[in-house]
Each structure stands twice: as C-alpha cells, then as structure tokens.
Amino acid sequence: MGIPTAIDSCGGEATAVDIMKKTRLVPATLSHLRRLMRVLAVSGIFHESTPSSLAVGEQGETIYRLTPASRLLARDGKSSDMSALLLLFTRPDTTVSTFFNLVGWFRDAGTKTPFEMAHGMSPWILTKMDASCNDAMNHACVTDSDFIMDIALKEASGLFQGLSSLMDVGGGHGMAAAAISRAFPHVKCTVLDLEQVISKAPDRGTVQFVVGDMFSSIPPADACLLKAVLNSWDDDSCVKILRRCKDAIPSRDAGGKVIILNVVLLGHGTLDKATKEAQVLLDIYMMRGSGFEREEHEWKKVIMAAGFSDYSIIPILGPVSIIEALP
C-alpha cells in the first residue's frame, strides 16, 4: 500500500487521514485503516503518538512516524527500499502458500521439497513459466543487492583489489556487479544467469551479461562472486557449483578466489533477539527448497569438499558475511 512512503512524504509524520489521501485509499475504509495502523504500531513497524497540545479530555488524531524497520520500506530516492524483498517473502501464491501443508510434507516428503509439493515444480522452473514470479524474484534480488553491496564494499573492499575480472554467478540483473564496477572501474564485471533472468536485465553500463547454467560451466575470470546463491541449494549441489567456480578461476598464487556473500549462522548466546529471529526465519524460508542457512563448520565442509585449500570469513552485517575461498 506504500504506507511508509506516504508517511515519509508527509515530512516523517502523518495521521491516518494523511495516509489515506497519500495512498489514494477509498475514504470509506478510513476506520479500518486506523485499525490496521494500530496493529502495525503495536508490532513495532510504526511509532504512534497523540498531539501534546490537546486540552484535557480532548481526543486528537493519532500521529504515526517511521521506525527503523519501516524506514527500510520508504521510497525516498536516497536510501535502499527493501519493499520488493518483503513482497517476495509474503507473496501469497508462491511463497506463503508453500508453507500451508508443512504437516503433509513432514509426514510424506519423499524426494520433493515443500515448494515442489505445493506447486508441482521447483522455483527455477516456475520463474521460467510465470513472468510475474520471475519479475518478483528479480526485483527482490536487485533490492537486496542495492542494500547489502554498499556495506560489503566498505567492510571488505580489499577482496576486490588486484582483480582484473569478476564473474557474478547467478547475479540476476547485475546490481551487485554494477556496484563493484563503480567502486573498481578497472574490473571487468560479467553476470552469469539463466535466460529468463538475463533477457529482462537492464543496461548496467560496463557490466556484461551471459546466459548460462552454473552447474554446467562458468566462463573464466580472476574471481567468482556467489551472492545469496548457495543457501538455496543442498550440500551436493553447492559442491558442484563451487567446483565449477574453481575451474573458472586461476590458481591461488595468480590471485584466484571465490567470494561468497551469504549468511553464516552465529551462536545464539551472543546475539540480540532481532538477529536471532532473522537467522531462524531466513532458514525456515530456505526450507521451501533444498537449501538452508549454514554455520561455519557447514560452510567449511562444502568449501573443502569442492577442492579449495583455505577460506576466511569477514562478518559485515549481523549474520551476513563474506567468505573468501582460495583454490
């Protein structure tokens, strides 16, 4: 409905009437909008208050302001807008409905994932057949990259220094590659992804796009980037992908590396409640397919099984880390 953007466009605070006008909602729904805003305020999505200048016994219109959570959903043209990612996570027909029959899946999973049981096919086949699902996935990936890459390049810029080329494997519409290209103009950045993804990719300046299958072969480059890719796959599939990446890069002495940008699950004893919640909810979301979020020892297992000699981990934001795997 664009409520965070409506509040932001009102100067950072708005009444239900203001929100109704900005979002062009039907006036007859105003009382219901107030009920919705009350729930969202109790949930911590918005902050609510009443005017301090009211006389005793006078009832004023509640004022709503953005919280750090809803700030991420406001389209202000200055900061990252995460709404496309949220819309993918809450998409009724493909995401939410996947979890409607978990009891049936736990009792009779067979070889199917929850997603396959619910929809009769994998997410990757569905994005090929359903344009709206494909668009939702691509927009969410762009949103995620737009948010996280600024942080990644600040916290781990040294990983990209000395490279002359980089292959963004499963890089979608190239937002991550474009961020790297802007920060390091001398690095030739290329995105490898499926045809249904590449066919709708926008122009990203010097970034090149190549249609391909990361399980078959990956074009050569000094480094491969795997951003939010491996957590969608089981261990055997991850090993295959990592081996293809290893084949595509030069030796360790020649500067070859694979850069993995993903969650590394942290011990709950050192985390705040919000980070704990984010970790476990992301892992449940990944359970829709064959993937899962991994602890460090689980990352080590697949990296070493793929033939890499060493790795290091750089935490960048909560459980999100960069893993440098060296051949």
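The secondary structure of this protein comes to 14 helices and eleven strands, where helices (H or I, at least four residues) and strands (E, at least two) are DSSP runs numbered from the N terminus. This is a predicted model, in which local features need pLDDT of at least 70 and side-chain atom pairs count only at pLDDT 80 or more, while totals for chains, interfaces and linings use all residues. Residues are numbered from 1 along each chain as its sequence is written, and side-chain values use heavy atoms, with hydrogens and water left out.

First, the overall dimensions. Along its principal axes the C-alpha trace spans about 75 × 50 × 45 Å. Of the 327 residues, 45% are buried; buried means under 20% relative accessible area, exposed over 50%, and partly exposed in between, with a 1.4 Å probe and protein chains only.

Now the salt bridges. Side chains of opposite charge can pair when their charged atoms come close. The search of the whole structure finds eleven salt bridges, each being a side-chain nitrogen of Lys or Arg within 4 Å of a carboxyl oxygen of Asp or Glu. I will go through some of them.

One joins the side chains of Glu-61 and Arg-34, at 3.1 Å from N to O. Glu-61 is in the loop between β2 (46-49) and β3 (63-66) and Arg-34 is in helix α3 (residues 30-42), so this pair ties together parts that are 27 residues apart in sequence. Glu-61 counts as partly exposed at 29% relative accessibility, and Arg-34 counts as partly exposed at 32%.

Another is between Lys-227 and Asp-144, at 2.6 Å from N to O. Here strand β7 (residues 223-227) supplies Lys-227 and helix α9 (residues 131-155) supplies Asp-144, so the parts tied together are 83 residues apart in sequence. Lys-227 is buried, with a relative accessible area of 10%.

What separates Glu-277 and Lys-273 in helix α13? The two are four residues apart in that helix (residues 273-286), which means about one helical turn. Glu-277 is partly exposed at 41% relative accessibility, whereas Lys-273 is exposed at 65%.

As for rings with rings, the search finds five aromatic pairs, that is, rings of Phe, Tyr and Trp (its six-membered ring) with centres within 6.5 Å. Trp-124, Phe-215 and Trp-233 form one aromatic cluster.

How many cavities of 30 Å³ or more does the search find? It finds one, a cavity being a set of points on a 1 Å grid over the protein atoms alone where a 1.4 Å probe fits but cannot get out. The largest cavity has a volume of about 80 Å³, taken as the space filled by probe spheres set on the points, with grid points joined across faces, edges and corners. Its lining, meaning residues with an atom within 4 Å of a point, consists of Leu-88, Thr-94, Thr-95, Phe-115, Pro-123, Cys-133, Met-137, Tyr-285 and Arg-288. By class, the lining has six nonpolar residues, two polar and one charged. Ala, Val, Leu, Ile, Met, Phe, Trp, Tyr, Cys and Pro count as nonpolar, Asp, Glu, Lys and Arg as charged, and the others, Gly among them, as polar.

Methods: On a 1 Å grid over the protein atoms alone, a cavity is a set of points where a 1.4 Å probe fits but cannot get out, and a pocket is an open set with protein on both sides within 12 Å along at least five of seven lines; lining residues have an atom within 4 Å of a point. Rings of Phe, Tyr and Trp (its six-membered ring) pair if their centres lie within 6.5 Å; planes under 30 degrees apart count as stacked, over 60 as edge-to-face and the rest as tilted.
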